[in-house]
Amino acid sequence: MSRLAEAPFFVGRTDIVTAVEEAILSTGSVGAVLVGEAGVGKTAVMQQALAAQAAELLIVRIRGSKGSHHQAFRPVNFLLSELETDVVDHPVTVLRAVSELLNFQARGRRVVLAVDNIEYLDPSSAGLITQLVINGTASVLLTTQDFTAADPLFASLWREGSLKRFDLSPFTAAEAGAFLEAELDGPVSVECVHLLLRMSGGNARFLQASVRALRGRRIVRQDGTWVLLPGGTPVPAEVTEAALSVLEGLPAGQRDVAHLLALAGRLPVPAMHRLAGSTDVDALQSAGLVVVRHGKQEDVELTDPVLGAGAVESIAAQRAQELYERLVEDPALTEALHPERHVRWLLRCHRAVPAALCLAAAQSARNDGRYCDAVEFTEIQDVYRSTAAIAGERARALIDDGRFEDAANALSLAAPLLEEAAPADAVRMLLADAVLRNFLGLRGAGDPIADAEARAESAGVDREVLRAEVILTRAELASLDGEYPRSRELMLSLREAAYPLSAEQRLRSDALLCEAWAMMESQLEALQLADDLADRLQHGSVSRRTREIVSLRLVAVYSASGSWEPGARRLGLDVEDGGIARRGSSLQLALGLVLARYGQPEEALGRLKPAFDQLRVGDPHRLLPIAAASIAYCHTMNRNIQDAIPFLVHAEPTAGTPWMVRRLTAQLQLSSLGLREAKTEAAQQLQVLGQRDRERGASLFELSAFTSAVRLGNTGALAELSDVAARVQGPFARLSEMFAKGVGHRDAEVLLQAMELAAAAGDQNFGRDAARSALSAAQAQGNKSSVREVQQRARQVLVHETAAGPISQLDSLTPRESEIAQLAASGYANREIADVMCVSVRTIEGHLYQIYSKLHVSSRLQLAELLPTPLQ
């Protein structure tokens, strides 16, 4: 008699689902109550928790509703309809009859009453349900938006401890990502997750509505991944309807306050009291619809910004005009308006928008990483044609969004505005032009910088600030070109000159210096500065682009120097949901690259492929070649060469690709070549690559190239590796130095220590290579016990097996030998193996002789110790 309606389940919240299942089924518990706002996913959790045990349960679905709140037994009428008429006249007989009915229908199964919206149950229904629980007939799984509004009988069960309470919050970013992958049946780029989470506030129902609103428009499937296209962001109809249902029941004065805050976003409390009166504001605060934020001043805003967006959509132009006219009577309120809110309010009123307000709104949106919105603000009434400041802001937003051709057109159109531009506006536009030329691979990036430098001298009070910005841009371009000594020189000069840098400029400057120190021979100073930068990123307020660029530089510093795990903790990247809303596909790519380098191809591909597909839409840092090379490398590690081939065409750098991207792509391609049985050729080319790095002064890259060459067997690079490892600082340099020493002296013990050091740093790839070298050194000594000791220690330390290479010499076996080895290790006698393989016993004996020789073992016991997973 189950009335549990089928519904699509979502992935996620497994801990809560498991706990709910235990509450329903465990002894001493009568069930669980799920508490949370509408659309948060209570019913979905209920259905998911019940689905696993559905065959062993009789699930009875009951739903409370506002319309039946005063009608006795209305929600449970379907149960009473099967009883005799005279039975329903008394609560005691009703309870007895319903208990007997449920026990009969259950036929020995556990009865679970799945009750939605218990706050709307009439007292008779609530009493019947709780009595069925108390007399042991049923367990319950309840949902409610407001537990305090439910019948006190349910609260009594909770206070006694037999009813477990679970409060459901809106989805976190990680939960939203899992939900969307289930909803869309495929991987989703983080840009899609960020936007949909912002549109929905993490509400599951609004999240589904947001997907429907954008699917096929801004969210499209590209090579299996759902990616985000540029464009506007609509408000789903469901959100508007939800806002209307909340606001329609309010008195006129409270509705005015709600509409004002929906349009304004946030307003000072004293000014709001003058405009609307404190009574209505206080009433809304008591109802939980508005909240007061305490900071430099007390501000009031709607508690739920998503419903606020829906409320705005419901406000007609005339109504918006009336509210705006009330607002402008108080200058304090007008001044307090956020520029983006102010612009959108004026547009809703069909009023003209001042150019200065469009500029402020565009700057706000660009700082927040909403580049499409920033471009939209500059194009209102074609204001970008009016001043160099707005034209430059439009160009910078397009550059930040990776729309380089559009940015070039924008700057070309804005060129005549430079003649009469203020020095500060001209300098910023010229510097944007220089950066764009670099990304497009065009010559002459130095020309606009020289022009900007000259104009900065005539900027009056802004001269020092603009000089600093010119120097910063020069250093950023030097970094993009791999000229780390030049970048370091510029940043040190900036420090010595004591220019008045803003907090954001100081962050950019220190990140460039940190990168230059790390790539040269000052890794310890770089790591110390990196820690400071990571802390400032966590607690400071900076633009989205600066945060992303600084994070990318720090990921490069921490991973290349061998300090990844502590660095990831500093950056908050060791927590799945920590700061995910600030991570774009560029940073996802960087994290995937680290995982690939450390020998975790499957985990890496989970980040790399969605990032690659999103970067094909917009690639603001020109990272696509390294994304493609990383994916091809992961597939090669997994020995899926055919899967790697389609990405090779995208792994070829083009004009404008940053030097570090080209350099890392080249090393990944050579590493892939080394995995495809062309080790000698790859190792020789890696040595040449390291020699070029040395000429450039990029010592950390030099160390990486020579280390990779030796790991592939090029002992001719040992001297160069030992030399650079002695010059470079940091954990990776010490690991490489130890590895070089072990290989040079054929010292198995030193190589095992290198293996342990690599594994402790999370670098399973390097650990496996050190283990293989240790095994070769032990074999060269001719001591079988030493060989077995190396194999056993390697198996204990290197826990992550991948197709990139086994820990022992198992890859030296042919497929037939591997099958025979597994059977022998599992206890099969030679005759039994011969019967299985349909060959003679002599043949099996011959194979075992070859197997023992290759693996340096002399018995089935030693063979079983060596094999990772013998057959059962």
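The model is a predicted one. The protein chain contains 45 helices and 10 strands, and 55% of its 872 residues count as buried.

**Overall dimensions and surface**

- Along the principal axes, the C-alpha trace of the protein chain spans about 95 × 90 × 40 Å.
- The protein chain exposes about 37,300 Å², and 50% of this area is supplied by carbon and sulfur atoms.
- There are 88 positive and 108 negative side chains in the protein chain, and the centres of these two sets lie 3 Å apart.
- Among contacts in the protein chain with a separation of 6 or more, 68% are between residues 24 or more positions apart.

**Nonpolar cores**

- In soluble globular proteins, nonpolar side chains tend to be buried together.
- The largest nonpolar core comprises 83 residues, and those with the most contacts inside it are Leu261, Leu267, Met272, Val300, Leu327 and Trp345.
- Helix α22 (residues 423–440) gives the most to this core, contributing 11 residues.
- A second, separate core of 51 residues includes Phe701, Leu703, Ala754 and Leu775.
- Leu261, one of the residues with the most contacts inside the largest core, is in contact with Leu267, Met272, Val290, Val300, Glu301 and Leu302, leaving aside its neighbours within four places in sequence.

**The parallel pair β2 and β3**

- Strand β2 (residues 57–63) is largely enclosed by the rest of the structure, because six of its seven residues are buried.
- β2 runs parallel to strand β3 (residues 110–116), and seven bridges join the two.
- Within this pairing, Ile62 has Val115 in β3 as its bridge partner.

**The β6–β7 hairpin**

- Strand β6 (residues 219–222) pairs with strand β7 (residues 225–228) in the antiparallel sense, over four bridges.
- The two strands form a hairpin with two residues between them.
- The bridge partner of Gln222 is Thr225 in β7.

- Most residues other than glycine have a negative phi.
- Asp223, in the turn of the β6–β7 hairpin, has a positive phi of about 50° although it is not a glycine.
- With a relative accessible area of 54%, Asp223 is exposed, the cut-off for that class being over 50%.
- His350 is likewise not a glycine and has a positive phi, of about 65°.
- The position of His350 is in the loop between α17 (339–348) and α18 (355–367).
- His350 counts as exposed because its relative accessibility is 68%.

**Glu548**

- Glu548 belongs to helix α28 (residues 544–560).
- Its relative accessibility is 11%, so Glu548 counts as buried, the threshold for burial being under 20%.
- Not counting residues up to four places away in sequence, Glu548 touches Gly584, Ser586 and His621.
- Glu548 and Asp693 are 145 residues apart along the chain, and their C-alpha atoms are separated by 26 Å.

Definitions and conventions. Residues are numbered from 1 along each chain as its sequence is written. This is a predicted model: local features need pLDDT of at least 70, side-chain atom pairs count only at pLDDT 80 or more; totals for chains, interfaces and linings use all residues. Side-chain values use heavy atoms; hydrogens and water are left out. Buried means under 20% relative accessible area, exposed over 50%, partly exposed in between (1.4 Å probe, protein chains only). Contact means heavy atoms within 4.5 Å. Accessible areas come from the Shrake-Rupley method with a 1.4 Å probe; for residues, only the protein chains shown count as cover. Lys and Arg count as positive and Asp and Glu as negative; His and the chain ends are not counted. The place of a charge is taken as NZ of Lys, CZ of Arg, CG of Asp or CD of Glu. Two strands pair if DSSP finds at least two bridges between them. A nonpolar core is a set of buried Ala, Val, Leu, Ile, Met, Phe, Trp, Tyr and Cys residues joined through side-chain atoms within 4.5 Å.
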